[in-house]
Amino acid sequence: MTSETKRNWKPATALVHGGTQRSAFGETSEALYLTQGFVYDSAEAAEARFKGEAPGFIYSRYANPTVDMFERRMCELEGAEDARATASGMAAVAAALLCSLGAGDHVVAARALFGSCRWIVETLMPKYGIETTLVDGTDIDAWKSAVRANTKLFFLESPTNPTLEVIDIAAVAAIANECGARLVVDNVFATPLQQKPLALGAHVVVYSATKHIDGQGRCLGGVVLSDKAWIDDKLHDYFRHTGPSLSPFNAWTLLKGLETLPLRVRQQTESAARIAGHLACHPAIKRVVYPGRNDHPQADIVARQMTGGSTLICFDVKGGKSAAFSFQNGLDLVRISNNLGDAKSLITHPATTTHKNLAEAARLELGINAGTVRLSVGLEDADDLIDDLDRALARAA
């Protein structure tokens, strides 16, 4: 296949064939290279490889053939020049944020972040002399006002976890470019199929590959994608010396997950949209937030920068925490779990799990109240899921 042919591949094709490197055995499935290190033909060859004068692998903490295939395939999907795969999504976030920052630098981040992401911004960074400011991500003027002379990085997730706010990535990227900062976008909720942050002006994209990319509850993983110059100059040494590398086995599993990603995300999104419409009319539900619905707070931005809705729904059960708990406990098909993007439908109560470390005032500011739940729609039949939700809501009432 010519390089021109590869450039014209649609995502579904790239996710089956992209980045594949076959051994001399000509295997159909990608090879799994379970090795810590690599051998050299001579001492001179080892020296040349360590100097970067000769191509080849050195140590699986730095790079591995199976991991390299996963990184290449993600680059083809995302439209990125280079990538580094990590042991988890949070390892990817930490690497993307910390690798280019030092004491005295300033970071502006959207306040609507996953709990661990917000901990890095609010708690970890200040310990190392990095100043941080949290803003309402949907308020473009707030990003502008937060910029200082020492601002080096912007960070956001969109749609946000768990309330599915959608931030205007292109507008924030323009502000970042004006002040010489880099914009890092956590694109987990949109998936690389429904939103392309790099095409919208972002400089770095991160994923928890644990979610939709694996999508079957099997393993942890993460990935950071950007231009090659930034990967080489900022991320590579951080990655090499701190060791957040992805295991070859998990990389192989994630490669298998990528092959079915379009099929899964398409079905999950179709089901989620239908379920969101059903819940919006349910008397036991106070509020439904779903990208793609006309009543979404940022419906115009969703239409402009996303090609699909989401596999996730945020909604409030009337009656607060006790009603939300009764509802979750009454579910038979949907499982209670803090994960998302899985083939199985999963439900979470953010106030007592993923965002429990936030003060109540901070949670309420983000739209997370005692009755808020986050539903990750799986591959079950939508009718069965609606029946399960209805029965549980009736029991809770």
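Colleague: Before we go on, where does the model come from, and how are residues numbered?

Modeller: It is a predicted model, in which local features need pLDDT of at least 70 and side-chain atom pairs count only at pLDDT 80 or more, while totals for chains, interfaces and linings use all residues. Residues are numbered from 1 along each chain as its sequence is written, and side-chain values use heavy atoms, with hydrogens and water left out.

Colleague: OK, back to Asn339: buried or exposed?

Modeller: Asn339 counts as buried, because its relative accessibility is 17%. Buried means under 20% relative accessible area, exposed means over 50%, and partly exposed is in between (1.4 Å probe, protein chains only).

Colleague: Which residues is Asn339 in contact with?

Modeller: Leaving aside its neighbours within four places in sequence, Asn339 touches Thr210, Lys211, Leu346, Thr348 and Arg374. Contact here means heavy atoms within 4.5 Å.

Colleague: New topic: the open sheet. What is the strand order?

Modeller: Seven strands make it up, in the order β1-β7-β6-β5-β4-β2-β3, and the pairing is mixed. Two strands pair if DSSP finds at least two bridges between them.

Colleague: Which strands stand at the edges?

Modeller: β1 (82-86) and β3 (131-135) do. Each has a single partner strand, so one side of each is left without a neighbour in the sheet. From one strand to the next, the twist averages 20 degrees. Angles run from 0 to 180 degrees between N-to-C directions, and axes are lines fitted to C-alpha atoms, for helices over the stretch in contact.

Colleague: How does β2 pair with β3?

Modeller: Strand β2 (residues 106-110) and β3 are parallel, over five bridges. Val108 is opposite Thr133 in β3.

Colleague: And which strands does α4 lie across?

Modeller: Helix α4 (residues 65-78) lies across β1, β6 (204-208) and β7 (222-226), and it runs at about 130 degrees to β1. Helix α5 (residues 89-98) lies across β1, β4 (151-157), β5 (182-186), β6 and β7, at about 160 degrees to β6.

Colleague: How do α5 and α6 pack?

Modeller: α5 and helix α6 (residues 115-127) pack at an angle of about 40 degrees, with their axes 10 Å apart. That makes α5 oblique to α6. For the cut-offs, angles under 35 degrees count as roughly parallel, over 145 as roughly antiparallel, 65 to 115 as roughly perpendicular and the rest as oblique.

Colleague: Which residues meet there?

Modeller: From α5 there are Met90, Val93, Ala94, Leu97 and Leu98, and they meet Ser116, Cys117, Ile120, Leu124 and Met125 in α6. By class, the contact of α5 with α6 has nine nonpolar, one polar and no charged residues. Ala, Val, Leu, Ile, Met, Phe, Trp, Tyr, Cys and Pro count as nonpolar, Asp, Glu, Lys and Arg as charged, and the others, Gly among them, as polar.

Colleague: Switching to the backbone: where are the cis peptide bonds you flagged?

Modeller: One joins Ser158 and Pro159, with omega about -5 degrees. Another runs from Asn161 to Pro162, with omega near 5 degrees. Pro159 lies in the loop between β4 and α8 (169-179), and Pro162 is in the loop between β4 and α8 too.

Colleague: Why point those out?

Modeller: Most residues other than glycine have a negative phi, and most peptide bonds are trans.

Colleague: So which residues have a positive phi?

Modeller: Leu164 is one of them, with a phi of about 60 degrees although it is not a glycine. Leu164 also lies in the loop between β4 and α8 and is buried, with a relative accessible area of 1%. Thr191 has a positive phi near 70 degrees. Thr191 lies in helix α9 (residues 191-194) and is buried at 2%.

Colleague: Last one: how many residues of β9 are buried?

Modeller: Six of the six residues in strand β9 (residues 312-317) are buried. Leu312, Cys314 and Asp316 are on one side, with Ile313, Phe315 and Val317 on the other.

Colleague: What does β9 pair with?

Modeller: Strand β8 (residues 285-289) is joined to β9 by four bridges, antiparallel, with Arg287 opposite Asp316. β9 also pairs with strand β12 (residues 372-376) in the antiparallel sense over five bridges, and Ile313 stands opposite Leu375 in β12.

How values were computed: Helices (H or I, at least four residues) and strands (E, at least two) are DSSP runs, numbered from the N terminus.
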